[in-house]
Amino acid sequence: EIETRVHRAVSNTQNESVRNHSIGELLSLAFPDRIGRKTGIGSYELITGSSVICRECSSEWAVFPEMSGSDERLIGHSAEPLSLEEIRSLHPGLFNIRNKVSYQAETGRFRSTRAEYLDKLVMKKLSAEEPTAGERFEAVKTVLRKRGLDALPISKTGRNLLERLNMLSEAGITGFPAGQPELLIAGLEDWLLPWLNGDLSTAILGNALDARLNWEQKSRLESLLPRRILLRPGQEKSIDYSNPAQPLIRGRLQEFYGLKAPVTIADGHITVAVELLSPAMRPLQTTSDLSTFWQGSYSQIRAEMRGRYPKHYWPEDPSKAEPSLATGKNRPGS
C-alpha cells in the first residue's frame, strides 16, 4: 500500500525532478497528513494536530507512513526524516497565515493573534492586527453558542429591558423586538454587529439593546410596562420584571391597607403580584388578589403578627383601613 501511494503521488506531481528526492520527501507526497514535528524525546505532533509516539525517531521533522492507535495517541512504526525546507518546497499549499480573534466574556475584550501555520501546526507568531467588526462578531458567536446570553456584559438596566420585552411577548402584545435569549442570539447580526468596533463594554451593549427600539416603541413600552407604578397619590412601587410570567411589587403589609382592586399594567392585560412583607421585611404571602387575601388568610397572619409586632397596626378589616407604617402611640387607633 505504501508503494502504491508513493507511486501515485509521484505520478501526479508536476515536478519532474521529484524522483531524485529523498525517501522522506516522496513519502510526504504520499502521506502529507502524516508529516510531524518533534515535541519531545520520542514524541511528535502531526500537522493535523494528532500526537505520535516514535521511540526510535530523533529528527526535527519526520513523516510516518505506518502508524497504529487512535487519533489521541498514535504509535509510529516507521518514519523517515525530512527538513522544513523540503516541506516548504513540496507542500507550499499547506502553509498559510491566519488571524484568530477570541472574545473574553469576563472582560468584554477581544484578543487577536496572528501566526503562520503548517495546516494546524503553529510555525511562528506574527504581529497581530486589529480585528474587524466581522471577526469580533464571529468570536462573540462562538462564545454564545457555549455559554448563552450570559456571556454578554448585560447591565441590570439592560436585563430589565429584556425582561419587559419578554413579558409583552408572553402577554400577546406585538410591535416590539424580541426579549427572549434564543431570539436575541438568532438575530445577533442585526443588532450587535454594528456596535462591534472595539471592546464590548456594558455601556456599548446597553446602547445596542436600546437601539433596537425606536422612539415610539420606547414611549409605548414605558406606558405599558412602567418601571414604577402609582398605587395611590404619594405611593409608588418599583416593579420587578425578572419573572416574565408574573411581574411583582413588594412592600410591608401595612402599606397595602385599603387596596382591593388587582394591580394591573399593560392596559389591564397583565396583573401584578404583590409580595407582602412583615415589619422585619420577611415574606408573608404573595397574592394577585388583595380583596380575597383581606377576607381570607389575612386573619391568620394578623393573629401571628400581632403577637410578634404588637406596636404595629393590625386592623380587623384592612380593606377599609388607611395605610400606615407608624408604630406605638403614633399608629392609627392608638
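**Entry: the cysteine pair.** I looked up C57 first, and at 13% relative accessibility it counts as buried; buried means under 20% relative accessible area, exposed over 50%, and partly exposed in between, with a 1.4 Å probe and protein chains only. C54 is buried too, with a relative accessible area of 5%. A disulfide joins C54 to C57, with 2.0 Å from S to S; the rule asks for a pair of cysteine sulfur atoms within 2.5 Å. I counted one disulfide by this rule. The link of C54 and C57 is right-handed, with 50° about the S-S bond.

**Entry: ground rules.** I noted that this is a predicted model, in which local features need pLDDT of at least 70, side-chain atom pairs count only at pLDDT 80 or more, and totals for chains, interfaces and linings use all residues. Residues are numbered from 1 along each chain as its sequence is written, and side-chain values use heavy atoms, leaving out hydrogens and water.

**Entry: R37.** I found R37 in strand β1, residues 35-40; strands (E, at least two residues) and helices (H or I, at least four) are DSSP runs, numbered from the N terminus. R37 is buried, with a relative accessible area of 19%. Which residues does R37 contact, leaving aside its neighbours within four places in sequence? I listed S43, Y44, E45, E60, W61, L121, V122 and M123; contact means heavy atoms within 4.5 Å. I also noted I47, ten residues from R37 in sequence and 7.7 Å away in space, C-alpha to C-alpha.

**Entry: positive phi.** D119 is not a glycine, yet I read a positive phi of about 55° there. D119 sits in the loop between β7 (109-118) and β8 (121-126) and is partly exposed, at 27% relative accessible area. M281, also not a glycine, has a positive phi of about 70°. I placed M281 in the loop between β13 and β14, where it counts as partly exposed at 44% relative accessibility.

**Entry: S278.** S278 lies in the loop between β13 (270-277) and β14. I have it as buried, with a relative accessible area of 3%. Leaving aside neighbours within four places in sequence, S278 is in contact with R252, L284, M305 and Y309.

**Entry: helix α11.** In α11 (residues 298-308), I marked Y298, I301, R302 and M305 as buried. Why are they on the same side of α11? They cover an arc of only 105° around the axis, the arc being that of the directions from the helix axis to the C-beta atoms. Q300, A303 and G307 are exposed on the other side of α11. I saw the buried residues of α11 pack against β14 (283-287) and α10 (290-295).

**Entry: the largest pocket.** I put its space at about 310 Å³. Among the residues lining the largest pocket I wrote down K156, R159, E163, R227, D240 and R250. The largest share of the lining, five residues, comes from α5; α5 (156-170) and β11 (248-252) each supply at least two residues.

For the terms: on a 1 Å grid over the protein atoms alone, a pocket is an open set of points where a 1.4 Å probe fits, with protein on both sides within 12 Å along at least five of seven lines, and lining residues have an atom within 4 Å of a point. Grid points are joined across faces, edges and corners, and a volume is the space filled by probe spheres set on the points.
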